[in-house]
Amino acid sequence: MALRYFEDLAVGERVEVGPVSLTESAIISFAEQYDPQPFHTDLDAAADGPFSGLVASGWHTCAATFRPIVDAVFSELAFAGGWGIDELRWLTPVRPGDELLVSVELVAKRPRDEGRGDVDYDVVVRNQREDVVVTYRDHVIVERRAAD
């Protein structure tokens, strides 16, 4: 498949990806390494914790759902990197076995310089009950077509 350049992209484009599921063991393993809070790592402590059970780290949810975004969206672009994420929100806890679906919508684009453009994507992650679990705006850089 041919790469898509800045000029090929249109505001309003939307891609749905997933599902992504986080197992109990994956949640604990990630948290033990990166976010060792008891409601992510210890079943007994989590049962008495603020979420009444084990929940995934928000960072784990973002990392696990980013792979399908790369595969379905960024891998098709003349991608030149990311320059930030804004408005990251963890809205609903993700529990073991939740099935996560990801919506990625192109919401803005602007030329950056002669060779590149900035593209903004709104990302919304929902669980199988349609609860929104994560939202953020992803800012990426996409190459422009070379002038002939």
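Ground rules first. The model is predicted: local features need pLDDT of at least 70, side-chain atom pairs count only at pLDDT 80 or more, and totals for chains, interfaces and linings use all residues. Residues are numbered from 1 along each chain as its sequence is written, and side-chain values use heavy atoms, with hydrogens and water left out.

Let's start with the whole chain. It has four helices and five strands. Those are DSSP runs, numbered from the N terminus: helices are H or I with at least four residues, strands are E with at least two. The order from the N terminus is β-α-α-α-α-β-β-β-β. Along its principal axes, the C-alpha trace spans about 65 × 25 × 25 Å.

How much of the chain is buried? Of the 148 residues, 36%. Buried means under 20% relative accessible area, exposed means over 50%, and partly exposed is in between, with a 1.4 Å probe and protein chains only.

On to contacts, meaning heavy atoms within 4.5 Å. Take those between residues at least 6 apart in sequence: 70% join residues at least 24 apart.

Next, the strands. Two strands pair if DSSP finds at least two bridges between them. Strand β1, residues 14-21, runs antiparallel to β3, residues 99-111, over six bridges. On its other pairing, β3 meets β4, residues 116-126, again in the antiparallel sense, over ten bridges. β3 and β4 form a hairpin, with four residues between them.

One residue ties these pairings together. Val 102 in β3 stands opposite Val 17. Val 102 also stands opposite Val 125 in β4.

Stay in β3 for Lys 109. Buried, exposed or partly exposed? Lys 109 counts as partly exposed, because its relative accessibility is 27%. Where does its side chain go? It reaches the backbone oxygen of Phe 6 at 2.8 Å.

Beyond four places in sequence, Lys 109 is in contact with Phe 6, Glu 7, Leu 9, Val 11, Asp 118 and Val 119. One distance to note: the C-alpha atoms of Lys 109 and Tyr 121 are separated by 9.1 Å, and the two sit twelve residues apart along the chain.

Now the helices. Phe 30 is in α1, residues 24-34. Phe 30 counts as buried because its relative accessible area is 17%. Not counting residues up to four places away, Phe 30 touches Asp 35, Ser 57, Trp 59 and His 60. Its C-alpha is 8.5 Å from that of Ala 56, 26 residues apart along the chain.

His 60 lies in α4. It is buried too, at 8%. Leaving aside neighbours within four places, His 60 is in contact with Leu 22, Ala 26, Ile 27 and Phe 30.

The other histidine here is His 40, in α2. His 40 has a relative accessible area of 4%, so it is buried. Its side chain makes a polar contact with the side chain of Asp 35, at 3.4 Å. The His 40 side chain also reaches the backbone nitrogen of Ser 57 at 3.4 Å. Its contacts beyond four places include Ile 27, Ala 31, Leu 54 and Val 55.

That brings us to the pocket.

Some terms. On a 1 Å grid over the protein atoms alone, a pocket is an open set of points where a 1.4 Å probe fits, with protein on both sides within 12 Å along at least five of seven lines; lining residues have an atom within 4 Å of a point. Points are joined across faces, edges and corners, and a volume is the space filled by probe spheres set on them.

The largest pocket has a volume of about 240 Å³. Its lining has 18 residues, and His 40, Ala 56, Ser 57, Gly 58 and Trp 90 lie nearest the centre. Which elements give two or more residues to that lining? α2 (38-41), α4 (58-72) and β5 (132-143). The largest share, three residues, comes from α4.

Technical notes. A polar contact is a pair of N or O atoms within 3.5 Å; within protein, one must be able to donate a hydrogen and the other to accept it, and residues adjacent in sequence count only if both atoms are side-chain atoms.
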